[in-house]
Amino acid sequence: MTTPELSNVHPAWLAPAALRALGSRRVLVCGEGPLVETVADEVERACARFGGTAIRRLAPSAGGEADADLVLTLTATDRGLGDEGFELARVGGASVVRADRPAGLLYGFFEILRLGGAPAFTDALPVGAQRPALGRRMADHWDNVAVHPVMGQVERGYAGGSIFWRDGRLREDLSRVGAYARLLAACGINAVAVNNVNVHQAEAHLLTDRLDDVRKLAELFRPYGIRVHLSVNFAAPLSLGALPTADPLDPAVRAWWAETTEQVYALIPDFGGYLVKADSEGQPGPFAYGRTHAEGANMLADALAPFGGVVHWRAFVYNHRQDWRDRSTDRARAAHDHFAPLDGAFRDNAILQVKHGPMDFQTREPVSPVIAAMPRTRLAVEVQATQEYTGQQRHVCYLAPQWSEVLGFRPWGEAGASVADVARGQSRDGYPDGDGGGLVVVSNVGDDRFWTGHPLAQANLYAFGRLAWNPAAEPAAILDEWIGLTFPGDGEDDPDPAGPARLRAALHAMMDESWQTYENYTAPLGVGFMVRPNHHYGPDVDGYEYTPWGTYHFADREGIGVDRTSATGTGFASQYPKPWSEVYEALDQCPDELLLFFHHVSYGHRLHSGESVVQHIYDTHFAGAEQAHAIREHWHAVADLDLVPADLRERVDERLDEQVRCAEEWRDQINAYFYRKSGVPDAHRRIIH
Ligand code: BDP
């Protein structure tokens with residue numbers, strides 16, 4: 001299977017050793033259908049490699065025959081497991097994976113791999129049914145087909161070029177895409193958008209004359225239960241169809257989309273649907289024609305409906321040409337202002353895709369109020385694995401704790417639904433549970449040999465899939481799972497049996513609280529955007545302060561923070577339902593970590609922690625830089641172990657040095673800036689300015 005393209009690529013969480021437990025056994029695969037063939041192929045390859053026996057049968061099995069150690073079988077009669085669920089059982093000394101549908105069997109197979117040796121093949125097997133909480137678990141690629149003069153091949157990509165596209169064309173050797181599909185399925189992802197939401201001219205053609213490229217990609221994703229989606233340009237009827245308008249209510253425009261979509265499905269029958277960024281950061285949209293975003297989305301939804309497709313319509317709509325002197329506008333308000341009034345106006349196959357926070361993937365933001373404002377709309381929540389604002393895959397920053405916090409947040413208070421419930425669709429009347437918009441991640445993958453630039457950033461993509469499958473999963477447990485799969489050691493052949501455990505403990509210590517560490521040495525107390533303009537790496541406190549982007553901290557000699565209260569500020573806090581509107585409005589109730597997102601306060605203002613704002617800034621920045629050092633020390637402390645390939649070690653070494661350097665730069669710039677602004681000395685006299 002190894003092609004030149006793949007020979008040098010890191011196996012990520014499908015390390016060969018992870019296949020050993022299964023590959024050395026007798027494994028029976030039963031059932032018919034393309035995805036069952038995928039499972040059978042996987043089993044055959046693993047057995048050929050590790051000396052086991054793969055047995056294939058088309059009829060379903062009850063389990064426990066042919067002396068098999070493991071039976072993977074479709075059920076003869078439906079057991080209510082759904083399209084993607086599976087059930088684990090022990091029958092007569094064998095482990096059995098049952099699924100009603102082929103995709104369930106695929107996920108059951110990967111669960112067995114995850115469990116590894118003893119738990120998968122003994123009575124330690126965790127028996128019972130598992131179903132994904134969210135039906136849609138999607139990875140969006142911000143990949144450009146042609147190299148963009150400013151953004152490069154992958155917009156906000158920190159792992160090399162695109163695995164799909166190179167210099168304006170589909171890559172010739174696509175074996176890497178097959179390997180990617182396998183990795184995605186192994187963590188539970190079932191949809192992929194293959195081009196950037198900013199759809200430039202080269203990418204726009206994927207919808208029509210370059211559609212065959214998309215078909216080729218769909219063929220590689222299909223065996224792993226993954227549907228392909230395409231970002232489309234709202235103005236395509238003008239640029240591709242030579243129509244005089246893209247007005248969503250114009251009959252000719254509607255007919256153009258209907259015909260174009262029909263052709264898409266003629267070539268790709270299981271095509272997932274469209275992804276649209278409209279009226280945002282220069283992308284065209286319905287506003288140009290005086291139409292609403294529901295009218296725009298519904299036009300595409302209508303074109304897709306006959307084929308079972310969906311449109312993911314992004315809620316990231318705001319004015320990026322604001323007058324920074326005008327304090328009455330607030331970018332945080334924009335998505336809610338635009339979309340909340342449209343609740344109930346979207347078609348059933350239109351999914352409103354909402355960034356998890358009201359601004360833009362900052363290290364710390366409150367949950368977007370849009371998520372609580374549209375009970376009659378199918379909502380998807382979007383998170384960002386590509387670390388645009390969280391260290392750009394040069395810094396270790398394990399993001400699952402952030403996403404887990406978002407998913408567990410209860411916008412209506414403790415007794416109400418969580419964000420995960422909303423994404424699942426649980427709160428919508430008259431629709432089946434699980435039919436929500438789901439969870440979407442902006443992918444962090446590129447053609448880098450470690451997939452994600454920083455090898456440890458792989459954990460973010462893996463964790464995304466696992467959280468979308470089960471939003472209640474513990475980030476620390478997912479981390480250990482990922483570490484175990486990616487760094488399995490040599491098992492009984494390990495010369496130093498304690499070594500793998502030491503390595504795993506070190507990785508856990510490096511990564512588990514790395515999001516908190518990153519927050520500590522960067523922008524404080526929820527204020528965000530203190531990054532260098534354009535590329536967004538490294539500190540620049542005022543980089544965006546006097547720009548039209550709507551991203552301000554309002555630091556002056558008296559204090560800092562954005563007043564988003566109703567009484568004296570922008571009123572953003574009132575976009576939340578109770579109790580959160582009250583909590584955020586009230587200075588004495590607002591959580592410390594979001595204080596500057598909601599309030600403008602003096603430097604001497606006391607936090608709930610008892611510390612003053614400015615001393616908190618100093619302390620967290622000193623602590624964060626020290627923690628970055630500690631991350632590197634954990635890694636150095638296991639340098640003696642021969643368990644990590646030399647190239648991976650080198651890459652991690654080099655990134656950790658950069659993280660430490662950059663954390664110190666952040667610490668020094670932020671602390672010097674606030675010392676100079678406020679004139680308040682550090683209680684411990686550490687600041688050099
Ligand atoms: C911002 C990125 C920009 C994206 C935009 C988006 O800086 O490159 O195009 O989000 O989500 O975070 O559309």
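At the start of helix α10, the backbone nitrogen of Ala252 has a side-chain oxygen of Asp250 within 2.8 Å of it. Keep in mind, as you look around, that this model is predicted.

Which residues of α10 are buried? They are Val253, Trp256, Trp257, Thr260, Thr261, Val264 and Tyr265. These residues cover an arc of only 160° around the axis, so they lie on the same side of α10. On the face turned away from that buried side, you will find the exposed residues Pro251, Gln263 and Ala266.

And what do the buried residues of α10 pack against? Here are their partners:

| Element packed against by the buried residues of α10 | Residues |
|---|---|
| α8 | 211-221 |
| α9 | 236-239 |
| β14 | 273-276 |
| α11 | 293-304 |

Now for a second stop, Ala46. This residue sits in helix α3, which spans residues 34-50. Is Ala46 buried or exposed? Its relative accessibility is 2%, and because buried means under 20%, Ala46 counts as buried.

Apart from neighbours within four places in sequence, Ala46 makes contact with Leu19, Leu22 and Gly23. For Leu22, the separation from Ala46 is 24 residues in sequence, while in space the two are 7.0 Å apart, C-alpha to C-alpha.

Notes. Residues numbered from 1 in each chain as written. Predicted model: local features only at pLDDT ≥ 70, side-chain atom pairs only at ≥ 80, totals over all residues. Heavy atoms only, no water. Buried < 20%, exposed > 50% of the residue type's maximum accessible area, 1.4 Å probe, protein only. Helix = DSSP H or I, 4+ residues; strand = E, 2+ residues; numbered from the N terminus. Arc of directions from axis to C-beta. Contact = heavy atoms within 4.5 Å. Polar contact = N/O pair within 3.5 Å; in protein donor to acceptor, adjacent residues only side chain to side chain.
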